[in-house]
Amino acid sequence: MFRAEPGLYVHVPFCAHKCEYCAFYSHAPEGLTQRYVDALLTEAKMLPPFRPRTIFFGGGTPSLLTTKQWEQIGEAFRGLGWESAEEWTVECNPATVSADKAKLFRELGVNRVSMGVQSFDVSLLERLGRIHTREQVFRSYEILCGAGFENINIDLMFAIPTQTMEVWRATLAEAIALKTEHLSCYEVIYEQDTPLFAQLKAGEFDLDEELACAMYDELVQTVTEAGFQQYEVANFARSTAGSSTGAADVPAFACQHNVSYWRGGFYYALGPSAAGYEPKKGAIGVRTRNWANTQMYCEILEKGERPIETREELPAIARAGEVAAFGLRMNAGWPFDSFLQATGFDLRQDWPAEMKKLAAEGLAVLEPGRFRLNSRGLRLADLAAREFLRE
């Protein structure tokens, strides 16, 4: 079972260019980066004393911040005792990686980098609105390895409009050849208010669900044969022996921060739009979300207040249902004892009909000690998860 120390998520909202598919809160720097960093560190000091087991800088593009700003963040984190996290991840765009910044990350305590590659195909990179080139991917990976990083994730996307199976196979082959420790591979999602969604609605391309399913099957088979272990619907890690997460059936290079999410762990959140699940004495926890407006975020913190837009304490059964749903995204599913320890509820007593239904539909396996989705169920994990949600 994973340890319960809270994690820390930090949202950096700045991007040099908004990608065609992106629905996350992000925008051009607009001269706000230093003001944001100052506000971020003010917010950090408002959190109760704790030592994060994991830290994850997401975005946006965290690597857009300057080395001077990262030094400022590092100094503040040292003052708070946060520099010794077991896992500290920073998301990077291949176009924003430099030798100086990579070296500084290591000095600060960052030990994992997640690089948003998405594709090695030039035309698809243009289609997605990515600012990096395929050459920058290889150069950035070389820089990170040279700086001493031994835990690098590469993000890839499939079912991109005009992407063929041949191109997808070539993408997987190039990613595997880099010998990265982790792969996150996502099917394109058409979010409203994104250019890609508008193109779909305008009839500029058609969806091919059959091809998307075939690409997913190709992904699982190819990377498994290459030595990766699938541990979540979209995540694959080197399956070397031993795991610092302490969670059963989780490979050594799994993202510990995300495993904690899927296992119902607590985490604090900093930055505009950032969502957290904070521990609360005498309760299961409080879900928070910051204002998704960088200007407003800074103004509120400059007044000495926390920039929380919403705060919600779920009933215990509703929270347990959410934890069940998230955890079923993992190949290991939910060991019954682990779920009981995480939530105080027993899947066998509170969701027996739902488990039997999914097993009867050929989407899940009900074992003596656990419940898990099978390969078909993982492909339909979002649909299966709805069975466990409670009002």
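I started with Phe57. It counts as buried because its relative accessibility is 0%. Buried means under 20% relative accessible area, exposed over 50%, and partly exposed in between, with a 1.4 Å probe and protein chains only. I noted that this is a predicted model, where local features need pLDDT of at least 70, side-chain atom pairs count only at pLDDT 80 or more, and totals for chains, interfaces and linings use all residues. Residues are numbered from 1 along each chain as its sequence is written, and side-chain values use heavy atoms, with hydrogens and water left out.

**Entry: aromatic pairs**

How many aromatic pairs does the structure hold? I found 22 aromatic pairs. Rings of Phe, Tyr and Trp (its six-membered ring) pair if their centres lie within 6.5 Å; planes under 30 degrees apart count as stacked, over 60 as edge-to-face and the rest as tilted.

I looked at Phe57 and Trp88. Their ring centres are 6.1 Å apart and their planes are at 25°, so the pair is stacked. Phe57 lies in strand E2 and Trp88 in strand E3 (residues 87–92), so this pair ties together parts that are 31 residues apart in sequence. Helices (H or I, at least four residues) and strands (E, at least two) are DSSP runs, numbered from the N terminus. Trp88 counts as buried, at 1% relative accessibility.

Next came Phe158 and Trp168. Their ring centres are 5.4 Å apart with planes at 40°, so I wrote the pair down as tilted. Phe158 belongs to strand E5 (residues 152–158) and Trp168 to helix H6 (residues 165–177), so the pair ties together parts ten residues apart in sequence. Phe158 counts as buried at 2% relative accessibility. Trp168 counts as buried at 0%.

I also found a cluster linked by ring pairs; its members include Phe57, Trp70, Trp88 and Tyr268.

**Entry: charges over rings**

A charge sits over a ring if NZ of Lys or CZ of Arg is within 6 Å of the ring centre and within 35 degrees of the ring normal. Arg106 lies over the face of Phe149, 5.3 Å from the ring centre. Arg319 lies over the face of Tyr277, at 3.7 Å from the ring centre.

**Entry: Ser63**

Is Ser63 buried or exposed? Ser63 is buried, because its relative accessible area is 0%. I placed Ser63 in the loop between strand E2 (54–59) and helix H2 (67–80). Its side chain and that of Thr96 are joined by a polar contact of 2.4 Å. A polar contact is a pair of N or O atoms within 3.5 Å; within protein, one must be able to donate a hydrogen and the other to accept it, and residues adjacent in sequence count only if both atoms are side-chain atoms.

**Entry: strands**

Strand E1 (residues 7–12) and E9 pair in the parallel sense over four bridges. Two strands pair if DSSP finds at least two bridges between them. Tyr9 stands opposite Ala269 in E9. Strand E9 (residues 267–270) is covered on both faces: Tyr267 and Ala269 are buried on one side, Tyr268 and Leu270 on the other.

I then checked an open sheet of three strands. Their order is E13-E15-E14, and the pairing is antiparallel. Strand E13 (334–335) and strand E14 (364–366) stand at the edges with a single partner strand each, so one side of each is left without a neighbour in the sheet. Two bridges join E13 to strand E15 (residues 370–373). Trp334 has Phe371 in E15 as its bridge partner.
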